[in-house]
Amino acid sequence: MTESPLTLTELRLLATAAGAAPSVHNSQPWRLRPTTNLHGMLVYSTPERAVPVADPDGRAMLISVGAALFNLRTAAHHLGRQATVRLSPDPPQPDLAAIIDLSEPLPDGGGNIPDLYAAIAHRHSSRQPFANRDVPEAVIGELIEAADDEGTTLEVLEEDGARRVLALTTEAEQRIAEDVARQAETRSWLRPEEPATDGIPLEALGPLDLDARVPMRGFTGHPPRPAVSAERFEALPQVAVIKTHGDHPNDWLRTGQAMERVWLLATTHGVRANILHQAVEWQETRWRLRDPAEGPGHVQLVMRLGFGPPGHPTPRRPVEEILDLSGHQLDQRSA
Ligand SMILES: Cc1cc2nc3c(=O)[nH]c(=O)nc-3n(C[C@H](O)[C@H](O)[C@H](O)COP(=O)(O)O)c2cc1C
């Protein structure tokens with residue numbers, strides 16, 4: 001059975017969910033357009049919202065778009081529609097990241113993703129100290145499986161691996177501190193004054209680690225301005241990396257979908273997360289993030305997991321800005 005064309009209400013629900021995804025510096029580098037027959041959605045990246053100094057290849061931008069894509073799939077699931085995704089379908093249109101067909105109902109048994117819709121509104125980056133309590137093995141197992149289902153590998157690192165990745169992140173953070181252009185770019189995404197529709201409000205930032213074990217990104221500059229407090233973080237942070245076999249735009253889109261699936265699933269278990277991306281932003285530290293004992297694979301993302309406060313919400317662009325309805329007569333259709 002074929003589903004009816006998407007209504008305005010459904011399109012807005014899909015776009016709102018997609019827009020709630022995490023993105024590098026909360027840049028929200030995406031745009032959505034319904035397909036001509038209103039049976040699907042086109043997902044575009046928006047290079048004008050990129051972070052070009054830290055992310056010259058658009059890798060972090062496409063990871064962000066991948067996260068929006070996963071939220072869109074999750075919202076489709078909520079609407080009882082099966083989402084069939086084609087990544088980077090049309091090379092002559094480099095900004096077209098994916099086409100999603102939504103014309104089929106969910107099959108019996110619920111389709112190929114779990115129902116994570118309710119977690120979308122509760123997932124935030126938590127840059128606060130976490131408790132000295134490990135994420136249970138059973139939950140880690142679920143997260144690994146979720147990343148695997150999205151065509152990527154999630155590795156939750158043992159103590160040695162976690163310390164190695166944190167040391168490389170510290171090294172990368174120091175390099176960023178010495179790089180005027182990167183500092184200026186990061187600071188340009190800070191939003192000290194409300195209201196804003198993108199970027200990071202000061203309330204969403206956390207303290208520095210008193211013991212300098214967890215190298216949080218210095219969004220307010222080096223030394224931090226305004227001054228940032230220091231608190232004791234967890235003694236041994238739980239660090240996970242997402243890896244892919246290849247290192248091409250579709251691998252980045254897959255990484256973003258895996259990141260968001262893992263993050264939403266973690267949220268349903270009360271597990272918090274934040275991204276530590278500094279070491280992935282320098283070719284040399286990124287290369288050294290790879291664990292030679294683990295075989296080939298490109299590290300795309302570093303996540304810190306744990307139990308702690310949920311994180312402060314960040315603003316989003318209005319749905320009218322990300323959902324392009326030009327050419328559609330939707331206002332005359334019943335919502
Ligand atoms: C590719 C990517 C890289 C990111 N890098 C960092 C980072 O290095 N440090 C950090 O604190 N947050 C990082 N974030 C998290 C974003 O800042 C965050 O998702 C955004 O501000 C929106 O906030 P939210 O996650 O609470 O919705 C990253 C997110 C993505 C998708």
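Q: How many helices and strands does the protein have?
A: Helices (H or I, at least four residues) and strands (E, at least two) are DSSP runs, numbered from the N terminus. Here you get nine helices and twelve strands. Keep in mind that this is a predicted model, where local features need pLDDT of at least 70, side-chain atom pairs count only at pLDDT 80 or more, and totals for chains, interfaces and linings use all residues. Residues are numbered from 1 along each chain as its sequence is written, and side-chain values use heavy atoms, with hydrogens and water left out.

Q: Is His-25 buried or exposed?
A: Buried means under 20% relative accessible area, exposed over 50%, and partly exposed in between (1.4 Å probe, protein chains only). His-25 counts as buried because its relative accessibility is 5%. His-25 sits in the loop between α1 (8–19) and β1 (30–34), and its phi is near 55 degrees, a positive value in a residue other than glycine.

Q: What about Gln-28, where is that found?
A: Gln-28 is in the loop between α1 and β1. Its phi is near 50 degrees, again positive in a residue other than glycine, and at 1% relative accessibility Gln-28 counts as buried.

Q: Which peptide bond is cis?
A: Look at the one from His-222 to Pro-223, with omega near -5 degrees. Pro-223 lies in the loop between β8 (208–209) and β9 (230–231).
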